[in-house]
Amino acid sequence: MKISEILKHKKPTISFEFFPPKKIENEGILFKTVEILKDYNPDFVSITYGAGGSTREKTVEWTLKLKRNYNLNVMMHLTCISSTKDEIDKIIETLQNANIDNILALRGDIPENGKLNGEFKYAYQLVKYLKSKGDFSIGVAGYPEGHPEAESLKKDTEYLKSKIEAGGEFIITQLFFENRYFFDFVDRIRKAGITVPVIAGIMPILNLSQVERFTKMCAAGVPEGLIESMQNKSKEGMFKIGVEYATKQCEELLQNGVDGLHFYTLNKYNATKEILNNLKSKGLL
Ligand code: FAD
């Protein structure tokens, strides 16, 4: 079912993001996570698209598998920066044959070797192309703290608008750890005339080693207080703090009428399950 249709009738939506495991021995972990999280009746689940090589085929494979084996509403991520039109066309055909309605249209990160095969330089071009090829519901990425390469927040907003004008029907945000960035982002884009639903990307920090990785990967600021509270704590202690923090974050987002919560699960179920249980017990879901 089209995510854009669901968003017309339901608020908040709940969704889970997975990545295709590289190694066969890790597939069991994802199967188990899906088995457990599907009981929370997600409105959709999504599968990320690898920067290159074999994981791309696995993205398509897992998209089909999650629909076929679990009857889940699946959204496939698709990046264009290093994919040729032929490759994209083949994927479109496969998705159409499998009745997959939803695509998250992305540019992708510039590869470290700088080599670009893609005919599309930006995500808005991919959105336009996908719209011309089929009746997909297209989501796009938004960055509450600005995309790391953006010249300015103003320009970033203009470019986000170009993705919506090209046919993007909803936005899923990059992870963030302070809600004020999300609220400011929504204000900013509404003022710029972007009216589509905005789904918040949620990733709990569960240990200190993740802090540096996330900050580097997506330029999301991690509050000092959260880092300090995790110092000298056991693995279990850090997990508990991270889950509590993310629960509070979701609580505030829900109280402020967020359109949806999209959990970056990293193929694990524990934290997402606990956060959802906490929100349910507070009567927020
Ligand atoms: P764009 O919207 O094209 O923007 C890229 C940069 O170019 C921005 O700085 C923007 O301001 C600028 N820009 C846009 N249009 C123009 C223009 N016309 N002229 C000049 N500058 C312009 N990556 C993966 O590889 N696989 C995934 O599965 C994946 N999933 C993601 C899911 C979510 C929810 C999010 C938020 C990100 C995901 N990413 C994924 C990361 C994403 O691919 C990177 O952040 C990438 O660097 C930007 O992609 P984009 O679609 O936002 O690009």
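Two strands are counted as paired if DSSP finds at least two bridges between them, and helices (H or I, at least four residues) and strands (E, at least two) are DSSP runs numbered from the N terminus. In this sense Asn 102 has Ser 137 in β5 as its bridge partner, and four bridges join β4 to β5, which run parallel.

The model is a predicted one, in which local features need pLDDT of at least 70 and side-chain atom pairs count only at pLDDT 80 or more, while totals for chains, interfaces and linings use all residues. Residues are numbered from 1 along each chain as its sequence is written, and side-chain values use heavy atoms, with hydrogens and water left out.

## The barrel

Eight strands form a closed barrel in the order β1-β2-β3-β4-β5-β6-β7-β8, with parallel pairing. From one strand to the next the twist averages 25°, where axes are lines fitted to C-alpha atoms, for helices over the stretch in contact, and angles run from 0 to 180 degrees between N-to-C directions. Helix α6 packs on the sheet and touches β5 and β6, its direction making about 175° with that of β5; contact here means heavy atoms within 4.5 Å.

Strands of a sheet pair through backbone hydrogen bonds, either parallel or antiparallel. For β6 and β7 the sense is parallel, over two bridges, and Ile 171 stands opposite Val 198 in β7. Between these two strands the chain passes through helix α7 (residues 179-191), and this β-α-β crossover is right-handed, a term that applies if, with the strands pointing away from the viewer, the path from the first strand over the helix to the second runs clockwise. On to strand β8 (residues 260-264), β7 is joined by four bridges in a parallel arrangement, with Ile 202 opposite Phe 263 in β8.

Strand β7 (residues 198-202) has five of its five residues buried, so it is largely enclosed by the rest of the structure; buried means under 20% relative accessible area, exposed over 50%, and partly exposed in between (1.4 Å probe, protein chains only). In a regular strand the side chains alternate between the two faces of the sheet. In β7, Val 198, Ala 200 and Ile 202 point one way, whereas Ile 199 and Gly 201 point the other way, and all are buried.

## Two buried residues

Thr 173 belongs to strand β6 (residues 170-173) and is buried, with a relative accessible area of 1%. Its side chain reaches the backbone nitrogen of Gly 201 at 2.9 Å, which falls under the definition of a polar contact (a pair of N or O atoms within 3.5 Å; within protein, one must be able to donate a hydrogen and the other to accept it, and residues adjacent in sequence count only if both atoms are side-chain atoms). Beyond its neighbours within four places in sequence, Thr 173 is in contact with several residues, including Gly 142, Pro 144, Phe 182, Phe 185 and Tyr 264.

Val 60 lies in helix α3 (residues 54-70) and counts as buried at 14% relative accessibility. When residues up to four places away in sequence are not counted, Val 60 touches Met 76, Ile 91 and Thr 94. The C-alpha atoms of Val 60 and Ile 47 are 8.4 Å apart in space, and the two residues are 13 residues apart in sequence.

## Salt bridges

The structure holds 17 salt bridges, each being a side-chain nitrogen of Lys or Arg within 4 Å of a carboxyl oxygen of Asp or Glu. Three of these pairs are listed below.

| Pair | Closest N to O distance |
|---|---|
| Lys 10 and Asp 43 | 2.8 Å |
| Glu 149 and Arg 107 | 2.7 Å |

Lys 10 is partly exposed at 34% relative accessibility, whereas Asp 43 is buried at 12%.

Glu 149 forms its salt bridge with Arg 107. Because Glu 149 lies in the loop between β5 (137-142) and α6 (153-165) and Arg 107 in the loop between β4 (102-106) and α5 (123-133), the pair ties together parts that are 42 residues apart in sequence. Glu 149 is partly exposed, with a relative accessible area of 47%, while Arg 107 counts as buried at 12% relative accessibility.
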